[in-house]
Amino acid sequence: MPNLTFQDFKSDQAVRWCPGCGDHAVLAALQRALPQVSHALGYEKERYVVVSGIGCSSRLPYYMDTYGFHSIHGRATAVSTGIKVANPTLTVWQACGDGDALAIGGNHFIHAIRRNIDINVILFNNRIYGLTKGQYSPTSKFGAITKTSPYGTVEQPFNPGSLVLGAKGTFFARSLDVELKLNEEILTQAALHDGTSVVEMLTNCVIFNDGAHKELSDPAVKADRTIVLRDGEKMLFGKNREKGLVLEGMGLKAVTVGEDGYTLDDVLVHDAHTDNMGLHMMLAEMKGPELPVALGVIRNVKQVTYDDGVHDQVLEVTAKSRIHSVDELLHSGSTWEVK
Amino acid sequence: MQLTGSLFADASAIYGNGLSTFPDYPAEIRAPHGTVSGVSGFQVHIGSGRVTTPGDFCDLLVAMNPAALKANARWCKRTAMILVDEDAFDEAGLKKAGFTTENPFAELGVEDRALIVAPITSLTKESLKDSGMDQKAILKCKNMFTLGMACYIYSRPLEPIYAYLEKKFSKKHPEVIAPNKKVLDDGFNYAANIQAIPDTYVVEPVSDLPKGTYRNITGNQATAWGLLAASEKSGLPLFCGSYPITPATAILEELAIHKNLGAKTLQAEDEIAGICTAIGASFAGNLAVTTTSGPGLSLKSEALGLAVMVELPLVVVDVQRGGPSTGLPTKTEQTDLSQALYGRNGECPLPVIAARSPAGCFDAAFQAAKIALEHLTPVILLSEGFLGNGSEPWRIPSMADYPEIHPPFVKGALAEGERFKPFERDPETMVPQWALPGQKGFEHRVGGLEKNHAGVLSTDPENHAQMVAERAEKVARIARDLPALEVVGPASGGLLVVGWGGTYGHLSTAVSELKAEGVEVSYAHFDYINPLPANTEEVFARFDKVLVCELNSGQFASYLRGIYPQFNYVKFGKVQGQPFLVSEIKEAIKKEI
């Protein structure tokens, strides 16, 4: 059993993110989660490959002492897919930003999820283009004022969770950069899931979008504006866990237990493993002021992975075929002799 | 028509003829029937000697409707036979094809050819009236009736066609085997009985062919098989990430069949994902391939640069078609050469090689993979629609005659505290070592950003200059492994004819026909374009003039001029979406003598 610590995953390269950038905390959580994954699954360090696209968060592979591939803008998901199909014994992690994964790389992102290739995607969502110094991204809020939207954007943002679930994703989790303990837990679960795991990390960009998620992360309001979902547990939130989510009519409602006739029995119990997408979608789309934003593992269901499918088919066809070498292939079908 | 043509070709191949085929069809799946732009053609050239081109002008034109006659009449020799389906030459058919008189033959100036006007549709209906097939299915059989007639004219045995029908339909539609055989026989017998056919021909099997087992093969199939051969010889599983595109799709389709040889195919969501999944697979240690055509190669440009930068092996097959943009998807050209050589940002050299014939695609694909794997570089293999869809008989090689492929995998272990340097090079070949994820102790990072030998990011000016030079030198030194450029004909003299890729058949035929006519010129054909064979300069220096023939406006000529400006180049280009004619090459050569 490998006995690895977070130190084993730290590379000798100086981390060059801005002081105060949310990416530091996500990197730390990943470096702390991987030893746990290794312990649970018996993975040696050389099994890990960390892939990224282009953007601030995509520098992450350089800071991990694993095999790493810093690819090109938007294409990390395709590179990860190729790595996993080529060698399914590798454990593939991917770092990508909101612009990288959802704008230029949107196509690869949804198709990886559709195929359910067994990769772990950390989607750093700071709602801004950082490395190009402050343009709006596909997750920037409507009306966001940025360098390329000086009068405010006139386009609606993506909710990454809706996109993942819309593509019939099998694993989606969300967290805040500052939630170190929760993030270790989520990232470990993502690694243990077979299939495409997407973890949306709501990160702060201290330079170009400072306070990107302040309305959630501010300690004064966090307990009321977010809810941490855990499979099998009641959906409770609030400073004293006095609030809960109930299903009413076609939607979710936040109530206070003991008020308006609501009891603890009315509060929903989270089931991340149900196939039913409906409630997961409602949870992923919750937002204030009426509802808390869902953190934690929202969906985690089993489904055959693409990489297993490819390899099973190779074995199946090989077992049935009479052709097992190129010489045999060349002589198959119609041939004739010249004597 | 495509099936009829390929069955005639297969029957001829099995009979032992020399053979070359060229399917020429519209881009539309069901192009407007009966219109000139919708004509689907299949050109077959058979001979009792070696055949290297589908031929310029034909001895027999089979035209199933007036539009087909109109589109192809100009390719008929003076002595040609023209076989048409009389039933399709009604008023409506003639009008649709744009004829203005009742005599389409006279209108096209081919009334003096041997015309065989047979009511093929009616005869097919009559032949199959008791078959129990419905009218639509019966009408489909008229091509089989025509095939029977053509087999009579060229004394082809019908057995290979019977065998095809049995194999094709025995599982799903055994009921159509007997009717198809009957209509084939009836066509053959009809042609024998009508006495309207002036001559029949016996094209003897080729007598001087090397002994061995032969098969017919298309270029796309040969490309796929050559890649599988390289996978076997390197011991690395084949991974192909591709997006369907005409005329390259058949390579992906062919590889998808051969999972039994460990081939993994991923039909990607787009061209970029095709190459990026392949780059990922290469990083993880597979023989990685992506297949495409011109517009797809454009989309792959950025990722090709990444493959150059991270120094990973990758084969990119470009089956060229008419361009620019969507261009002429089903037509053939050599217009992607400059794109293959230069179409990337930064200084980004990579090996470019070209296939010379349909069967030659096997060796070209094998070589592309060998170079990629042994020199850790992406390689572009240029094929052409003409090669990919065309076919020829091929003497099946033995894999024992092919070399092993040895990628430069890291050897041994690192010393305590030593870090693997992913871009430290072998001083002889300039090739780095290859460490695969999963290997303990060799953890390293690659990426599109410039790095130093240790794999650490660097924007140092001297380091960048050095890395640019080293990457270029690595590619240049591949020339040391390449076969020398060969000259056919006199070793020196006034004129050297030069070509590359799929024009080989036409150029070599033109040169040998001229020789038979008493005009001797020298000819050199390039399979390796970057780097060029090491003796290129020395060969060119022996001639006064170099005539560069290619299916574009002079891209190879400009490339050669850029490298060896001291020679006198003459361009002969053609950009019509069609292969050369042997006759036009002969004219061009004569003009320069």
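In what sense do strand β4 and β5(B) of chain B pair, and over how many bridges? The predicted model is shown below in close-up views, the first of which covers this pairing.

**View 1. Pairing of β4 and β5 in chain B.** Strand β4 of chain B, residues 76–85, pairs with β5(B) in the parallel sense, over five bridges. Within this pairing, B:V84 stands opposite B:V117, a residue of β5(B).

**View 2. The open sheet β3-β4-β5 of chain B.** Three strands in this order make up the sheet, and the pairing is parallel. At the edges are β3 (58–63) and β5 (114–118) of chain B, each of which pairs on one side only. On average, neighbouring strands of this sheet are turned by 15° against each other, direction ignored.

**View 3. Helix α7 of chain B on the sheet strands.** Residues 142–153 of chain B form α7, which lies across β3 and β4 of chain B. The helix α7 runs at about 160° to β3(B).

**View 4. Contact between chains A and B.** Chain B puts 54 residues into the contact and chain A 50 residues. Elements of chain B that each supply at least two residues of the side touching chain A include α1 (2–15), β6 (212–218), α10 (219–234) and β14 (445–447). The most comes from α12(B), with nine residues. By residue class, the side of chain B that touches chain A divides into 25 nonpolar, 17 polar and 12 charged.

**View 5. Strand pairing between the chains.** Strand β2 of chain A (residues 67–70) pairs with β14(B) over three bridges, in the parallel sense. Here A:G68 stands opposite B:R445 of β14(B).

Key: Residues numbered from 1 in each chain as written. Chains lettered and ligands numbered in written order. Predicted model: local features only at pLDDT ≥ 70, side-chain atom pairs only at ≥ 80, totals over all residues. Pairing = 2+ DSSP bridges. Helix = DSSP H or I, 4+ residues; strand = E, 2+ residues; numbered from the N terminus. Axes fitted to C-alpha atoms, helices over the stretch in contact; angles between N-to-C directions. Contact = placed C-beta atoms within 7 Å. Nonpolar A, V, L, I, M, F, W, Y, C, P; charged D, E, K, R; others polar.
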